[in-house]
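Let me put the sequence and the structure up, and then I'll walk you through them.

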Amino acid sequence: MTSLKQTILGAQAVEMRGPWPRCVVGRQTWHQAAERLQNGDWALMGLWGEPDFAHMALIECETSQGAVLSVACEEGAFPSVGRLHPPAIRLERALRDIVGIEAQGLPDTRPWLDHGKWGMRHPCAHGRAAPGPVPYGFLAAEGHSLHQISVGPVHAGIIEPGHFRFTASGETVVRLEARLGYAHKGTHSLIAGASLERAAVLAGRVSGDSTVAFALGFALASEAALAIDVPPRAVWLRALLAELERLANHFGDIGAVCNDAAFAIMHAQCALLREQVLRAAHACFGHRLMMDRVVPGGTQCDLGEDGARLLLSLVADVRKRFPHLVELYDNTSSLKDRTVGTGILTAALAQQFAAGGYVGRASGRAFDARRTPGYAPYDALQFEIPVVHAGDVNARVWIRINEIGQSLALIDQIIGRLPTGPVRAAGSVPAFQGTREGIALVEGFRGDVLVWVRMAGDGSVERCYLRDPSWFQWPLLEAAIEGNIVADFPLCNKSFNCSYSGHDV
Amino acid sequence: MRRLLLKSLVQGPLTEPAPSADENALVELAARVDRASWHRLGRTLSIREVDAGSCNGCELEIHALNNVLYDLERFGLRFVASPRHADVLLVTGPVTANMREALERTYQATPEPKWVVAVGHCARDGGVFAGSYACVGGVSAVLPVDLHIPGCPPSPSALLAGLLALLESVSKPP
């Protein structure tokens with residue numbers, strides 16, 4: 001069988017900088033790639049398109065070689081990947097909604113992001129007039145005395161909008177189907193044609209909890225495209241911001257999972273730790289969530305001596321207090337009773353959907369973009385990637401607990417070895433002919449974030465693709481909840497904590 | 001757990017003093033709150049949060065209001081699960097086209113008297129998403145808005161100052 005490397009060598013290369021190459025392949029090679037995905041040899045990392053081409057990002061599981069394959073559309077259509085490899089289905093449905101290109105043979109032809117409310121169809125292509133809303137048919141579940149529970153898009157808690165359709169037999173969930181797209185803001189369309197600065201601001205608002213990750217991904221992809229050299233200090237500062245973001249989110253979510261099992265003391269204590277991280281971020285970098293701090297060319301902030309001391313004392317404080325909370329979590333049998341064995345995600349599904357972050361790593365998939373393909377400064381830092389195999393809510397909590405330890409160690413190392421010098425690349429990029437492309441994969445707290453960008457010669461962004469890890473995690477939540485009781489859904493949902501806005505963009 | 005509880009008992013509350021009510025918010029609200037609602041509500045307000053397509057940044061900071069440092073409930077402000085129990089709709093996001101109907105229906109389900117607070121730059125005028133085919137652009141394009149709390153996202157202190165202004169306006173006879 002042809003390896004991904006051979007496939008790339010045998011195809012027409014397109015210039016794209018970043019960790020992976022891009023090449024244009026024929027329909028047959030595209031189809032073969034779909035078969036390799038189906039067999040589990042390769043993993044799907046993203047699928048997007050433009051009116052003339054469909055693109056997909058892949059990783060060969062054995063060698064970690066990555067690539068982007070592109071296929072030309074014939075009469076606005078390309079061979080469906082989702083027909084053979086289910087993780088692509090929603091991506092292809094979204095692609096038709098937004099760009100108007102059809103995946104031939106796609107088994108599910110319902111619209112996905114398009115709810116018939118935009119006043120137009122295919123906004124990232126020609127923007128045809130829309131027929132208006134059409135009823136959305138949920139998948140059927142048949143059996144004796146089943147009932148349906150529909151939830152959302154406005155939920156009972158303070159959460160993002162989305163609709164969940166449960167079919168239950170008594171207390172047991174027989175099927176869950178999510179309907180998303182409520183938070184679709186047309187970000188890709190707004191970025192197309194925008195200046196680099198504005199595009200970076202928009203990228204930083206794909207998902208507020210991952211603003212550093214998306215801003216970093218966008219910065220890396222655009223810097224690759226434009227061959228901008230980022231000063232070493234900025235490279236390290238970015239990692240510092242990313243680890244602080246990971247810490248804040250993990251604290252918040254560990255507490256929230258416990259809160260969904262009505263264990264309020266963990267929630268209160270973890271929320272306090274989260275608040276301390278956010279306040280430290282505000283004191284050091286001027287923004288609690290660190291929005292707009294990572295920019296193409298470097299960072300919009302620097303770290304003074306006071307800031308470094310503050311962060312080191314934060315790390316020391318967390319190291320002192322957090323172990324007590326971990327002990328509390330682990331020794332409270334009534335809480336563990338809710339999390340152990342609940343919402344199990346099988347290793348096979350995690351592998352098939354290339355589940356990123358703690359969702360994958362709690363089900364045996366040891367993937368972390370900081371290692372594969374890896375990016376600076378993580379190659380110079382020591383850290384471990386915790387992996388467990390149980391796949392339940394408890395396993396996902398434990399991955400986060402262990403990642404907190406790793407992030408603390410990383411923050412220590414970064415502050416201890418922070419290079420001196422400027423934090424922004426000097427000079428501006430001169431205008432050029434044609435277009436230039438770049439790609440990046442970065443590890444947000446939730447998993448790997450993929451960003452592809454094509455820059456125009458005048459310095460504006462021609463096209464961009466921002467893929468949140470949630471695309472491959474939402475469908476897995478539906479699988480993990482099956483056979484669990486309805487009352488455990490909040491617990492399962494929070495342990496995944498998929499992004500609505502990041503998915504809907 | 002005993003050790004943790006004991007420590008919490010002896011160390012005293014972590015909750016911080018409240019910020020004063022936002023002056024600008026008081027001015028914006030002056031014309032909005034009438035005597036009838038003051039009579040009915042006194043010093044407590046129930047809040048229903050509606051994410052009308054935000055990036056989730058605002059929600060993170062609204063969540064923080066419930067942590068022990070801000071402790072929103074000490075002011076008589078609390079989040080409720082249904083609009084039918086709410087006096088205030090706290091709306092975030094640029095109001096996506098896909099969320100418009102859900103927002104309108106949530107408003108219709110909220111009993112009178114009711115106030116709408118638009119949280120964040122996006123909720124004011126669409127923010128960075130203004131002009132998108134997928135966004136209506138600001139809560140006031142869909143509902144009458146009584147108070148804007150700006151920010152991207154507003155900090156918990158800013159949210160608190162705005163909500164306290166609302167509480168003050170509602171609980172004082174005009």
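**Walking through chains A and B**

So, chain A is divided into domain 1, residues 4–125, and domain 2, residues 187–504. Before I go on, please keep in mind that this is a predicted model.

How far apart are the centres of the two domains of chain A, taken over C-alpha atoms? The separation is 25 Å. Where the domains touch, domain 1 of chain A puts in 25 residues and domain 2 of chain A puts in 26. On the domain 1 side, at least two residues each come from strand S2 (16–17), strand S4 (42–50), strand S6 (66–72) and helix H3 (89–99) of chain A.

Next, a sheet in chain A. Strands S11, S12 and S13 of chain A make an open sheet of 3 strands, in the order S11-S12-S13, with antiparallel pairing. On the edges you have strand S11 (147–151) and strand S13 (172–179) of chain A, each pairing on one side only. Neighbouring strands of this sheet are turned by 20° against each other on average, direction ignored. Zoom in on strand S12 of chain A, residues 163–169: it is joined to S13(A) by 7 bridges, and the two run antiparallel.

Now for a pair of helices. Helix H7 (residues 232–260) and helix H8 (residues 264–285) of chain A have axes that come within 7 Å and cross at roughly 160°. H7(A) and H8(A) are therefore roughly antiparallel to each other. The crossing, where H7(A) passes H8(A), is left-handed. Which residues make the contact between H7(A) and H8(A)? From H7(A), they include A:Leu241, A:Leu244, A:Leu247, A:Phe251 and A:Ile254. From H8(A), you get A:Met266, A:Leu273, A:Val277, A:Leu278 and A:Phe285, among others. By class, this contact has 17 nonpolar, 4 polar and 1 charged residues.

H8(A) comes up again when we look at chain B. Between the chains, 41 residues of chain A are in contact with 38 residues of chain B. Helix H4 (187–191), helix H5 (196–203), H8 and helix H9 (305–331) of chain A are the elements that give two or more residues to the chain A side. Of these, H8(A) provides the largest share, 5 residues. The chain A side that touches chain B divides into 22 nonpolar, 12 polar and 7 charged residues.

Last stop, chain B. It has an open sheet of 5 strands in the order S2-S1-S3-S4-S5, and here the pairing is parallel. Strand S2 (77–79) and strand S5 (147–149) of chain B stand at the edges with a single partner strand each, so one side of each is left without a neighbour in the sheet. From one strand to the next, the twist averages 30°. Strand S1 (residues 45–51) of chain B pairs with S2(B) over 3 bridges, in the parallel sense, and B:Ser46 stands opposite B:Arg78 in S2(B). Helix H4 of chain B, residues 57–64, packs on this sheet and touches S1, strand S3 (88–92) and strand S4 (115–119) of chain B. The direction of H4(B) makes about 140° with that of S3(B).

That's my tour, thanks.

Definitions and conventions. Residues numbered from 1 in each chain as written. Chains lettered and ligands numbered in written order. Predicted model: local features only at pLDDT ≥ 70, side-chain atom pairs only at ≥ 80, totals over all residues. Pairing = 2+ DSSP bridges. Helix = DSSP H or I, 4+ residues; strand = E, 2+ residues; numbered from the N terminus. Axes fitted to C-alpha atoms, helices over the stretch in contact; angles between N-to-C directions. Parallel < 35°, antiparallel > 145°, perpendicular 65-115°, else oblique. Left-handed = near helix turned anticlockwise from the far one by under 90°. Contact = placed C-beta atoms within 7 Å. Nonpolar A, V, L, I, M, F, W, Y, C, P; charged D, E, K, R; others polar. Domains from an automatic or database assignment.
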